[in-house]
Amino acid sequence: MRELPPIDADIRRAATPPGHLYHDPAIHAAALERVFAPSWQLVPADAPVPAAVGHAAPLTLLPGSLDEPLLLRRDEAGDLGCVSNVCTHRGMLLQREPGPCSQLRCGYHGRSFAPDGTLTHMPGFEDAHDFPGPDDHLRRPGLFRLGPLTFLQVVPGVPAAAVLGPLQAAMAWYPWGDLRFAPDRSRDYEVAANWALYCENYLEGFHIPWVHPELNRRLDWRAYEVHLHARATLQVGMGVAGDPVFDLPAGHPDHGRPVAAWYWWVYPNLMLNFYPWGLSVNIVEPLGPTRCRVRFQSHVARPDLLDRGAGGPLDAVEMEDEAVVEAVQRGVRSRLYHRGRYAPRHEIGTHHFHRLLVADLTA
């Protein structure tokens, strides 16, 4: 993997990562193992999450990159759990279709597991020494729930509280139970750019006046705020007169202010955009060094406020962002480009992301 110099902690002196970060196959491979595998990944809203007690459904986490075979299950208490969907004997996939799951039996050699992943039976191993051992049971990924959202962590890493805790605390007042997934307002986009370029573009409002004319009319760019957390960033957008804004409870830090949008980014690749009408989720899935898929998923709480204000022109904003990041992807391959500098007041979020990313890649 080509060298990645550290990002200076002082944004006034710092330089951005070198251009090869965005197209080097070795860096992309390292990101999958060092950044994505230990991260907390959101289960897409259209995933086949089992609703019935005693049922399970296979899930491939981050198809096209991690491609991790998992099994979501609903236990007898109605709680959601997750185990690996790969037999610990020779790696056979266990359950191929959603359905009842009183036990998991491998169709290759008959190894059997309880729904929680505990090995219960294995023919032919009667003479094996020290069997079964810890590695003979199915692994259980980390699982964290936040309202209707489910997060999974394939490889142990930073605890959920350190990553998602600030979001959970800040949005504790939010009426999560009012959200309803809207498939007709959800779609996937494939972008000819590295996943990190898409994220770093999201993390600064610096480009809004030049790239997003309609959004710029809906947000007071001069009042734009950025708040950093350990592995998350919050951007706060203030609305203009006449547009929908949040009706915040007394005691909330933003009570009385015309907040039109909270843009939460969770490291490394998740955006949770809260508007008066509901929640727009963006999951940025890497597909290769120079390609990514962006999954837009809408959860509506107030249908009467759809298509208004800062949360209205989402399709247009997406097309404008794609055009920018695809052009940047072509630009960072230039032999005449190496590293850029940060605008200290406007690119705080991008600088924070780059520091986390380069630190993980070079750990």
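1. Aromatic pairs. In this predicted model, the structure holds 18 aromatic pairs. One of them joins tryptophan 176 and phenylalanine 274: the ring centres are 5.6 Å apart and the planes meet at 85°, so the pair is edge-to-face. Tryptophan 176 sits in the loop between helix H2 (160–170) and strand S11 (180–191), while phenylalanine 274 belongs to strand S15 (residues 270–275); the pair therefore ties together parts that are 98 residues apart in sequence. Both tryptophan 176 and phenylalanine 274 are buried.

2. A pair between strand S14 and helix H7. Tryptophan 265 and phenylalanine 353 also form an edge-to-face aromatic pair, with 5.3 Å from centre to centre and 75° between the planes. Tryptophan 265 is in strand S14 (residues 259–266) and phenylalanine 353 is in helix H7 (residues 348–361), so this contact ties together parts that are 88 residues apart in sequence. Tryptophan 265 has a relative accessible area of 0% and is therefore buried. Phenylalanine 353, at 0% relative accessibility, counts as buried too.

3. Aromatic cluster and a charge over a ring. Trp176 and Phe274 belong to one aromatic cluster together with Trp173, Tyr174, Phe246 and Trp262. Elsewhere, arginine 111 lies over the face of phenylalanine 125, at 5.2 Å from the ring centre.

4. Salt bridges at Asp8 to Arg13. Side chains of opposite charge can pair when their charged atoms come close. The count comes to 16 salt bridges. In one of these, arginine 13 pairs with aspartate 8, and the closest N and O atoms are 3.7 Å apart. Arginine 13 counts as exposed because its relative accessibility is 56%, above the 50% cut-off. Aspartate 8 has a relative accessible area of 30% and is partly exposed. Both residues take part in a network of salt bridges that links Asp8, Asp10, Arg12 and Arg13.

5. The side chains of aspartate 188 and arginine 295 meet in a salt bridge, at 3.1 Å from N to O. This pair links distant parts of the chain, since aspartate 188 lies in strand S11 and arginine 295 in strand S17 (residues 291–300), 107 residues apart. Is each partner buried or exposed, or does it fall in between? Aspartate 188 counts as partly exposed at 41% relative accessibility, whereas arginine 295 counts as buried at 13%.

6. Aspartate 360 forms a salt bridge with arginine 231, the closest N and O atoms being 3.0 Å apart. Aspartate 360 is in helix H7 and arginine 231 is in the loop between strand S12 (225–229) and strand S13 (232–238), so the pair ties together parts that are 129 residues apart in sequence. Aspartate 360 has a relative accessible area of 18%, under the 20% cut-off, and is therefore buried. Arginine 231, with a relative accessible area of 16%, is buried as well.

7. The largest pocket. The largest pocket has a volume of about 390 Å³. Its lining consists of 19 residues, and Leu197, Glu200, Glu204, Val328 and Glu347 lie nearest the centre of the pocket. Helix H3 (195–202), helix H6 (314–331) and H7 are the elements that give two or more residues to this lining. Sorted by class, the lining residues of the largest pocket are ten nonpolar, five polar and four charged.

Technical notes:
Residues numbered from 1 in each chain as written. Predicted model: local features only at pLDDT ≥ 70, side-chain atom pairs only at ≥ 80, totals over all residues. Heavy atoms only, no water. Phe/Tyr/Trp six-rings, centres within 6.5 Å; stacked < 30°, edge-to-face > 60°. Helix = DSSP H or I, 4+ residues; strand = E, 2+ residues; numbered from the N terminus. Buried < 20%, exposed > 50% of the residue type's maximum accessible area, 1.4 Å probe, protein only. Lys NZ or Arg CZ within 6 Å of the ring centre and 35° of its normal. Salt bridge = Lys/Arg side-chain N within 4 Å of Asp/Glu carboxyl O. 1 Å grid on protein atoms, 1.4 Å probe; cavity = no way out; pocket = protein on both sides within 12 Å on 5 of 7 lines; lining within 4 Å. Points joined across faces, edges and corners; volume = space filled by probe spheres on them. Nonpolar A, V, L, I, M, F, W, Y, C, P; charged D, E, K, R; others polar.
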